[in-house]
Amino acid sequence: MHERYNNIIELKEISSTNDYAMELARTESVPDFTTICTDFQSKGRGQLGNFWESNRGENLLFSVIVHPREIALKEQFILSQCVALSVRDIVALFCENVTVKWPNDIYVGNNKVAGILIENQLSQKHIEFSVIGIGLNVNQTTFTSAPNPTSLSLENDKLHFDKEEVLQLFLNRLTENYNLICSNPKQIRTRYLDFLYLKNVPHIYSDADGFFEGKITNVEADGRLVITDTYGNEKKYYFKEVQYILM
Ligand code: BTN
């Protein structure tokens with residue numbers, strides 16, 4: 001029997017649950033896994049300053065506050081891996097072929113089902129708190145702006161899912177994986193690599209020098225993606241330094 005999370009603040013509408021959670025964590029001492037979720041965001045934020053598209057009431061849009069003070073700053077990518085794995089695990093209960101596209105997009109086949117935006121409040125030596133923002137496409141079946149979207153419903157013949165149930169499953173999974181960060185971080189890193197999108201598959205990428213073919217062979221502890229090109233050179237990239245060419 002799993003715990004039921006009641007520490008959930010539900011808002012009909014908000015600009016962004018991440019903004020709300022950042023402000024809350026800054027001004028109040030809230031317990032770990034306090035969650036803010038909403039039916040609609042007017043300024044939902046994605047990575048790279050993009051807008052996060054989501055129809056009113058159809059998807060999960062939420063932010064979870066944690067205080068990972070035990071994670072060293074140079075190890076902070078493990079939180080991203082932990083969250084990505086947790087979303088992957090939950091999507092995999094309902095869909096086949098679920099992977100994590102580096103650094104933390106969740107894919108079903110070649111389509112994106114969920115995105116993650118983690119924002120950290122850092123002090124000199126550690127992370128004061130993190131806001132883990134997640135957009136998981138649940139019941140939406142048509143999209144206008146996202147390049148390659150999918151949802152749980154689209155992957156299941158337009159079946160309707162109970163969002164609240166999916167959120168509870170996720171929060172349980174996140175708690176389990178979050179505890180592993182201290183007790184068994186290797187398990188997080190290994191499972192992340194096991195489920196990495198396009199790992200060891202030849203693919204076209206582009207970097208500052210242009211297009212090239214290579215295979216993803218590893219992700220370093222600091223989060224750098226390692227791509228081995230066709231000449232056997234290992235190239236290492238931080239986020240935004242390399243693009244996957246959609247085929
Ligand atoms: C991405 O671009 O892949 C990340 C998307 C993250 C979207 C979620 S929705 C809930 C939370 N609030 C936001 O403003 N963004 C995140």
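In which loop does D157 lie? D157 lies in the loop between β7 (127-136) and α3 (163-183). Helices here are DSSP runs of H or I with at least four residues, strands are runs of E with at least two, and both are numbered from the N terminus.

Before going on, the basis. This is a predicted model, in which local features need pLDDT of at least 70 and side-chain atom pairs count only at pLDDT 80 or more, while totals for chains, interfaces and linings use all residues. Residues are numbered from 1 along each chain as its sequence is written, and side-chain values use heavy atoms, with hydrogens and water left out.

Back to the backbone. Most residues other than glycine have a negative phi, and most peptide bonds are trans. D157 has a positive phi, near 50°. Its relative accessible area is 76%, so D157 counts as exposed. The classes are these: buried is under 20% relative accessible area, exposed is over 50%, and partly exposed is in between, with a 1.4 Å probe and protein chains only.

N200 also has a positive phi, near 60°. This residue sits in the loop between α4 (185-194) and β8 (203-207), and at 45% relative accessible area N200 is partly exposed.

Then the peptide bond between W102 and P103: it is cis, with omega about 0°. P103 belongs to the loop between β4 (98-101) and β5 (105-108).

Next, the sheet. Five strands form an open sheet in the order β11-β10-β9-β8-β12, and the pairing is antiparallel. β11 (234-237) and β12 (243-244) are at the edges with a single partner strand each, so one side of each has no neighbour in the sheet. Two strands are taken as paired if DSSP finds at least two bridges between them. For β9 (residues 210-219) and β10 (residues 225-229), there are five bridges, in the antiparallel sense. K215 has T228 in β10 as its bridge partner.

Last, the cysteines. How many disulfides are there? A disulfide is a covalent bond between the sulfur atoms of two cysteines. The criterion is a pair of cysteine sulfur atoms within 2.5 Å, and the count by this rule is zero. Take C82: the closest cysteine sulfur, in C182, is 10 Å from the sulfur of C82, which is too far for a bond. C82 is buried, at 0% relative accessible area. C95 is buried too, at 9%.

That is what I have; questions are welcome.
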